[in-house]
Amino acid sequence: MKFNKEVLFFVLVIIFLIFPTFVFAKIIDVPFKSQVPPGSWSNTRNCGQTSFLMIDSFYNKNIINEQSIKDIDDWLYNKYGDNQRNYNGDYTNVSKLKEIAINCSNFDFNSVLIINDGNLDFLKKQIELDNPVIVAVYTNMLRKGLTKDV
């Protein structure tokens, strides 16, 4: 008996219509703030700063706004000499984000973990416990054929 691709497609469509709610996710109500403003989308590097502020707001109920990001950019300039770039910020790393958490909020050294081994079980466990985490990644995103850090 020859297998028909149309029959397989039809069976798959029926399965997805009958069981449309296969969801493998969990929603944690973390406050959201876009990394712009301040700055502009074509120049922003405020991703780390904004990610920290969203986590800080989740735990400490702080309000996130444009000034919050500017304050972190100023702190990074004063501590490390990082160029504020007209408040478009500059690149951060997990060590700087930990320093921000300790010095610009009420987190202590032992409560901010840096895990570099790609431990998905740890990540899943934290999400199950409603503990938001920052997953540090870097990519040159393509936009109209040009590399952009947006």
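Predicted model: local features only at pLDDT ≥ 70, side-chain atom pairs only at ≥ 80, totals over all residues.
1. The buried residues of helix α4 are K96, L97, K98, I100 and A101. Among the elements that cover these buried residues are α2 and α3.

2. Leaving aside residues up to four places away in sequence, K96 touches L76, Y80, D82 and Y91.

3. The start of α4 shows a contact between a side chain and the backbone. There, a side-chain oxygen of N93 comes to within 3.0 Å of the backbone nitrogen of S95. At helix α5, N119 caps the N-terminal end. In that cap, the distance from a side-chain oxygen of N119 to the backbone nitrogen of D121 is 3.1 Å.

4. As for the overall arrangement, the chain holds five helices and two strands. Read from the N terminus, the order of elements is α-α-α-α-α-β-β. The chain has 150 residues, of which 27% are buried. Its accessible surface amounts to about 10,900 Å², and carbon and sulfur atoms account for 59% of that area. When contacts between residues at least 6 apart in sequence are considered, 56% of them join residues at least 24 apart.

5. Where does the largest pocket draw its lining from? By residue class, the lining of the largest pocket divides into 19 nonpolar, six polar and two charged residues.

6. D130 follows α5 and has a positive phi, near 65°. N131 lies in the loop between α5 and β1 (141–143). Is N131 buried, exposed or partly exposed? With a relative accessible area of 22%, N131 is partly exposed, because the value falls between the 20% and 50% limits.

7. N131 and F58 are 73 residues apart along the chain, yet their C-alpha atoms are separated by 9.3 Å. Not counting residues up to four places away in sequence, N131 touches I28, Y59 and Q126.

8. The loop between α1 (5–18) and α2 contains P37, and P38 is placed in the loop between α1 and α2 as well. Which form does the peptide bond from V36 to P37 take? That bond is cis, with omega near -5°. The bond joining P37 and P38 is likewise a cis peptide bond, with omega of about 10°. As background, most peptide bonds are trans. A reader new to the structure may wish to look at these two bonds in the model.

9. R85 is not a glycine, but its phi is positive, about 50°. N86, also not a glycine, has a positive phi of about 55°. In general, most residues other than glycine have a negative phi. In terms of accessibility, R85 is partly exposed, with a relative accessible area of 22%. N86 has a relative accessible area of 69% and so is exposed, the limit for that class being over 50%.

10. A last point concerns I63, which lies in the loop between α2 and α3. How is I63 classed, buried or exposed? I63 is exposed, because its relative accessible area is 70%, and exposed means over 50%. The C-alpha atoms of I63 and L53 are separated by 8.8 Å, the two residues being 10 residues apart along the chain.

How values were computed
Residues numbered from 1 in each chain as written. Heavy atoms only, no water. Nonpolar A, V, L, I, M, F, W, Y, C, P; charged D, E, K, R; others polar. Helix = DSSP H or I, 4+ residues; strand = E, 2+ residues; numbered from the N terminus. Buried < 20%, exposed > 50% of the residue type's maximum accessible area, 1.4 Å probe, protein only. Contact = heavy atoms within 4.5 Å. Areas by Shrake-Rupley, 256 points an atom, 1.4 Å probe, with all protein chains shown as cover. Polar contact = N/O pair within 3.5 Å; in protein donor to acceptor, adjacent residues only side chain to side chain.
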